[in-house]
Amino acid sequence: MRQGAHGIRRAVDRIAAATPPERDRAVDALRAFAILGVVLGHWLVTALVADGTALHAASPLQHLPWLAPISWVFQTLAVFFLVGGHVATRGYRSARARGTTYRQWVTSRLSRLFRPVAAVLALWTVAATALLLTGAPFGTVRTLVKLALSPMWFLLVFGALTAATPLLLRLHPLWPLAVVLHVDLVRFGLGGPDWLGWVNLAAGWLVPYTLGAAWTRGELEGRRAGLLLLGGGAVATAALVAWAGYPASMVGVPGDAVSNLNPPTLAAVTFGLAQCGLALLLRDRLRRGMRRPVAWAAVAVVNLSAMTIFLWHQTALMATTATGLALGRLPGLHTVPDGLGWVAARLAWIPVFVLVLAVCRSAFRSFEQGPRRVGGRPSRVIRVHRRTERTAVEEARRA
């Protein structure tokens, strides 16, 4: 065991040594925290309640609305779009400077983004067909497929913004923010149609994405920008919830008339501004923290499988729920999420979800970690990570 631990430690040191010194490790840390925040948030607020032979979706936020602050911690999509906008605009500028065409650049980025989707779609097509053929209730199959494929909307929006990066290099975040403000004013203040809210699906996430572009342009350096975004976003969100009737939860709650996330509302966008401000304020601290080889190796592993983790985390939850159903209605897994007992039981299930997700990651990460080339150059960090990860496993087995 001691030799195995030593082998893993050496692998960690190799990953750290292989990272170019000019790499901004805070960017990778923020991306990892954003992805893990979404995963943990879904695991905490998504319940599949067993009702006879059927399963239906529920949320503890329905029964315990005072748990809304959980969504404030784990609804971290704005940070992901902030980092995505920064990385995309910086990468596009660098690619153009090397002579890489737009087509080459966007093909590389979108293939890495959407390649893991094929595995999810294939597995759930087979699983849904098998469930229906074996007599599973249609409502149960629909619930499972909807949960499994729900991350796709995020990828579609993110992919569209990535493809539009050359047009967004100079776009000021106030423009999409103004669109969100006017859409909500018409929709909620003037009784406009509900479908108008879907305009915010693009405009709402454009706000943090274009903040990322502003970061690339050097307009968000120093603490002033972060403090302004954090303070202004927090005050605006509190005012909207307290006096404008917006829900306190930053995720959708089944049965509620309005969801802050589906589609994004002005409250979700201002809350995202506060999150982005906090992320910007934490950059220097994260850069210092990522100098530790163990911390950086953990962040690097998450980033290398970010899309796989994101796409398969709901499947891990559902696989655990379906398997556990053979043992009866288990607390925190199949029961109604209507009390603190359910919350405590669900927390106890989190390590199981992690283990199942780790299996999914091992099985499907190759779809994401295929040859990664931007302008014809493979990623050194990915190449070294693959080699050192295999070495660590082999050394641990020999121990």
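User: Hi! Is Arg283 buried or exposed?

Analyst: Arg283 counts as buried, at 3% relative accessibility. Buried means under 20% relative accessible area, exposed means over 50%, and partly exposed is in between, with a 1.4 Å probe and protein chains only. This is a predicted model, where local features need pLDDT of at least 70 and side-chain atom pairs count only at pLDDT 80 or more, while totals for chains, interfaces and linings use all residues. Residues are numbered from 1 along each chain as its sequence is written, and side-chain values use heavy atoms, with hydrogens and water left out.

User: Thanks. Which residue forms a salt bridge with Arg283?

Analyst: Glu221 does, and the closest N and O atoms are 3.8 Å apart. A salt bridge here is a side-chain nitrogen of Lys or Arg within 4 Å of a carboxyl oxygen of Asp or Glu. Arg283 lies in helix H14 (residues 283-289) and Glu221 in the loop between H11 and helix H12 (223-243), so the pair ties together parts that are 62 residues apart in sequence. Helices (H or I, at least four residues) and strands (E, at least two) are DSSP runs, numbered from the N terminus.

User: And Glu221, how accessible is that one?

Analyst: Glu221 is partly exposed, with 47% relative accessibility.

User: How many salt bridges are there in the structure?

Analyst: The structure has 7. One of them links Glu368 and Arg112, whose closest N and O atoms are 3.3 Å apart. Glu368 sits in helix H17 (residues 340-368) and Arg112 in helix H6, so this pair ties together parts 256 residues apart in sequence.

User: Are those two buried or exposed?

Analyst: Glu368 is buried at 2% relative accessibility, and Arg112 is buried with a relative accessible area of 14%.

User: Nice. Now helix packing: how do H6 and H16 sit?

Analyst: Helix H6 (residues 102-133) and helix H16 (residues 306-324) pack at about 20 degrees, with their axes 8 Å apart. That makes H6 roughly parallel to H16. Axes are lines fitted to C-alpha atoms, for helices over the stretch in contact, and angles run from 0 to 180 degrees between N-to-C directions. Angles under 35 degrees count as roughly parallel, over 145 as roughly antiparallel, 65 to 115 as roughly perpendicular, and the rest as oblique.

User: What about H5 against H6?

Analyst: Helix H5 (residues 77-97) packs against H6 at an angle of about 140 degrees, with the axes 10 Å apart. That makes H5 oblique to H6.

User: Last topic, the surface. Which residues form a nonpolar patch?

Analyst: Leu185, Val186 and Leu190 do, with about 290 Å² of accessible area together. Patches take residues with over 30% relative accessible area and no salt bridge, joining like charges within 9 Å and nonpolar side chains (Val, Leu, Ile, Met, Phe, Trp, Tyr) within 5 Å. Accessible areas come from the Shrake-Rupley method with a 1.4 Å probe, and for residues only the protein chains shown count as cover.

User: Where is Leu190?

Analyst: Leu190 is in the loop between helix H10 (174-189) and helix H11 (200-216). Leu190 is exposed, with a relative accessible area of 65%.
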